[in-house]
Amino acid sequence: MPLSAAVISDVQKLVLYETRARYFLVGSNQAQTKHRVLKIDRTEPKDLVIIDDKHVYNQQELRELLGRLELGNRTKIGQKGSSGLSRAVSACGIVGFVRFLEGYYVVLITKKRKMADIGGHSIYKIEDTNMIYIPNDSVRITHPDEARYVRIFQNVDLSSNFYFSYSYDLSHSLQYNLTLLKTMYELSRTEEVQPASRQDSFDIFEDEGLPTQVVHGIRNEPYAKYIWNGKLLEKIKDSVHPNWLLHIIHGFCGQSKLLIYGRPVYVTLIARRSSRFAGTRFLKRGANCEGDVANEVETEQIVHDASVMSFTAGSYSSYVQVRGSVPLYWSQDISTMMPKPPIRLDQADPYATVAALHFDQMLKRFGSPIIILNLVKKREKRKHEKILSEELYPAVINLNQFLPPEHCIDYIAWDMARYTKSKLCNVLDRLGLIAENVVRRTGFFVNRADLHCHTLRPDERWGDLGGFLTACGRMQTGVLRTNCVDCLDRTNTAQFMVGKCALAYQLYALGMVDKPRLQFDTDCVRLFEELYEDHGDTLSLQYGGSQLVHRVKTYRKIAPWTQHSKDIMQTLSRYYSNAFSDADRQDAINLFLQVFQPSESCPHLWELPTDFYLHQKNTMLLPHERRSYTFWWSEDLLKYLPLPYDEAPCEENKRRVRGRRLNHYDESIDIYSEFFRPYELSCFDDSYCVAMTNSAREFMPKTVGVDPSPFTVRKPEETGKSVLGKSSREEAMLQRKTAASAPPPHSEEVVSSSSEDDSEEEREDEGAASQRSTPIKLAEVMESARVQEDGVRLATREIYGLCLCESPGEDDIQIYQKFAHLGQNQHKVEWMGQVAEPEQRESVINLMPVSHFSQDSIYAVQPPSVDKASREVFERHIQTGRGLVGALHRGDVLMYREYIKNRYM
């Protein structure tokens, strides 16, 4: 049983009810057993008045509350036909509240789609939103420019690569989240973790004096730099329960399944785009006065064994790297309409103050060493990119002279474009050497100690691996920061090579491979390359306006001849976007992030000649305290290096964590029921684990007799995709998908708990949508593909004994209903025997334990103890396998001689 767990939000299904005076927002958990109500006043024309009573309603109390509201808002008492309470919209989350020149709007998430699963915690992508004006028409004060601001705000497409989770903190890395769960339990035992409130930390078993199994529910503050709706929630975050606050990130999220002889290993890629100094390609370059750089993206690759779901019992590993613009004051003049505008340094910075602020942020979040991989050109006929290198290298030298030698910033400069043009040099081989050196220095995170197989099959590089060793695994210390000019094409290829090297070490740490090395043209690397190409295309579209121009195949020099024409089209698309649409996109980003807040006393957003002073606010103020040029890092930072300061158990970090004592059967930490949802009837074909990209289905050859290992090098014509025989048109369509690498399952539309009339229609619509969008059925269009797959795979009737396409019979339905009834009564059986009266237990099924284990449930299993003699026999067996055979006992020698004498003499 885990000692601490992340708190699951109980506001996952929302229904907005409308009256003339108020909006009532009803939030429910997934099982619809807990409900919260938010009251929004509609009589205030320009102010936001929200009331949260913090009370948790059950189904009966909510039904009575809605009945009273319906009765109280009728125009005439007893007149049933004109109810004043009407259902406005169903949703699954609140993006935030925003105001321009009139009243406030509420932005709701109306559609979502599951994109990844990490330890039972689901990650969703926003598919559709709804923006609703709050004040009533009778009190609305109109403004002629309101509609224009609404159009600009809606130019930020929330259905394009915005992600959220109800139970997993996407703004932090996996290392931070898992380390927090382990360390904060000890702090909570000494009452150093601040309880959220008396109501949240109340234990129903405290006053009874009964023994309980207590789990500490942990909730921490998100990392504000990667939260994109932080300003939209700022107005309500202090007045409502934290479960109402849903934090979203912008970037990329993709997940694929790597099958290793039937064992599922999930490879997940999460990219978090910074919300500070955010913008488009030519309008946001360099850094601002606070050390935030343009196009800053933190990319994390997570590898975990999907056969074990729990964070405490499973095996998880992650590696983080960063990309971002060169941290200097520089820009490019786009008024000349040139494909490559000249680079200019806007401000002299002899003491590298902006670089110091930026690297201080990185040391606090990642620890040391910080490794810079600068890929800009060194030799040019006319100085262009070289200007940045000539300014960045002296800045790093200046900062390093004040740092301790063991924590200095490493600077690696390599002209990748020049090596690409050379026919004698292999770009990826050189990147592979750099990647090996980087991963060895920074290490990676894994939550398991070294396995026994590492002792049986040792590797000389494993002992030289860096990072921080703990009793239960490894931690990554430091990070690689990669940049070119745009941080798009060259940067994505370099990050892929570093990620490929880290993936080999991660699989070796989990015991999946015998050597930490992966080769090209294997199913594993092809799956990982596809993830990174989708990752690069998505980030390139967000910042540059087009997909990647140069891909991994381009630098391997194996790209087909048709790729050249596609590269030309992408270049033209990027130029058109930068020249004509980037300004409008930049205004939308500034308005969405509330960098610019409209006011009647200030010029409008479209009247500003530049947004420089919006992102450089400190330039308008005289600083009261100037930062030291020599001690340029934050206070107490060096005390915890090489570990990151943000993960240290200091007082500042303790204040960011809230904990509460919960019974381990509480729904708010029950990740098992949250993931499997035993109270719902689901379709196997629509489940996410079936729809996601699968190495065996997508990449492994379909011919019989082929080695099924994903680490076997294959010829290009042997891949699963070439056997399927997709046409060029279908391949082009697949290349355009940049939202995720995994084939998307059907969109999850939220169904309200209080409306049962239209639930059937919504389910039919979802079923039709799933048939249209289920990626597995795309292959069914190809007749040849279906014939080959049917010839290789066994029929479902031979495997399961029944046909999954047929509807279940009445007997099977009755058996399933009994099983569901058992699941509903499981929690009651385990704890009601201690607190309930005998007459209250009559309705509960009496389950007799049949296990011989002292503890055996879905939450924990206590295996039987092994005696000393059995352990000694096992240890001798292991020693014999290693070749360490001890001296034979005298009795054994005499017995052996007697056997030889009788057998052969």
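User: So a helix axis is a line fitted to C-alpha atoms over the stretch in contact, and angles run from 0 to 180 degrees between N-to-C directions. At what angle do H7 and H10 pack?

Analyst: This is a predicted model, to be clear. In it, helix H7 (residues 427-442) and H10 pack at about 55°. Their axes are 8 Å apart.

User: What do we call that arrangement of H7 and H10?

Analyst: Oblique. Angles under 35 degrees count as roughly parallel, and 65 to 115 as roughly perpendicular. The H7 and H10 angle is about 55°, so the two helices are oblique to each other.

User: Is their crossing left-handed or right-handed?

Analyst: H7 and H10 make a right-handed crossing. On the H7 side, the contact uses Leu428, Leu431, Gly432, Ala435, Glu436, Val439 and Arg440. H10 brings Thr493, Ala494, Met497, Val498, Cys501, Ala502 and Tyr505.

User: How many nonpolar, polar and charged residues are in the contact of H7 with H10?

Analyst: Ten are nonpolar, two are polar and two are charged.

User: OK, now H10 and H11. How far apart are their axes?

Analyst: They are 10 Å apart. H10 covers residues 489-509 and H11 covers residues 523-544. The angle is about 140°.

User: Which residues of H10 and H11 meet?

Analyst: From H10, they are Asn492, Gln495, Phe496, Gly499, Lys500, Leu503 and Leu507. From H11, they are Cys524, Val525, Phe528, Glu529, Tyr532, His535 and Gly536. By class, this contact has seven nonpolar, five polar and two charged residues.

User: Switching topic. How many cavities of 30 Å³ or more are there?

Analyst: Six. The largest cavity has a volume of about 160 Å³.

User: Which residues lie nearest the centre of the largest cavity?

Analyst: Ser173, Gln175, Arg365, Phe366 and Glu647. They belong to a lining of 15 residues. By class, the lining has four nonpolar, six polar and five charged residues.

User: Which helices and strands each supply at least two lining residues?

Analyst: Helix H3 (174-189), strand S15 (297-305), strand S16 (316-323) and helix H4 (353-366).

User: Next, the backbone. Where are the cis peptide bonds?

Analyst: Serine 368 and proline 369 are joined by a cis bond, with omega about 10°. Proline 369 sits in the loop between H4 and strand S19 (370-374). Leucine 641 and proline 642 are also joined by a cis bond, and omega is about 10° there. Proline 642 is in the loop between helix H15 (637-640) and helix H16 (651-654).

User: What about glutamine 32 and its phi?

Analyst: Glutamine 32 has a positive phi of about 60°, although it is not a glycine. Most residues other than glycine have a negative phi, and most peptide bonds are trans. Glutamine 32 lies in the loop between strand S3 (22-28) and strand S4 (35-41).

User: Last one. Where is valine 595?

Analyst: Valine 595 is in the loop between helix H13 (562-592) and helix H14 (612-615). Not counting residues up to four places away in sequence, valine 595 touches Asn590, Leu614, His615 and Lys617.

User: And how far is the C-alpha of valine 595 from that of alanine 278?

Analyst: These C-alpha atoms are separated by 10.0 Å. Along the chain, the two residues are 317 residues apart.

Key:
Residues are numbered from 1 along each chain as its sequence is written. This is a predicted model: local features need pLDDT of at least 70, side-chain atom pairs count only at pLDDT 80 or more; totals for chains, interfaces and linings use all residues. Side-chain values use heavy atoms; hydrogens and water are left out. Helices (H or I, at least four residues) and strands (E, at least two) are DSSP runs, numbered from the N terminus. Contact means heavy atoms within 4.5 Å. Ala, Val, Leu, Ile, Met, Phe, Trp, Tyr, Cys and Pro count as nonpolar, Asp, Glu, Lys and Arg as charged, and the others, Gly among them, as polar. On a 1 Å grid over the protein atoms alone, a cavity is a set of points where a 1.4 Å probe fits but cannot get out, and a pocket is an open set with protein on both sides within 12 Å along at least five of seven lines; lining residues have an atom within 4 Å of a point. Grid points are joined across faces, edges and corners, and a volume is the space filled by probe spheres set on the points. Angles under 35 degrees count as roughly parallel, over 145 as roughly antiparallel, 65 to 115 as roughly perpendicular and the rest as oblique. A crossing is left-handed if the near helix is turned anticlockwise from the far one by less than a right angle, and right-handed if clockwise.
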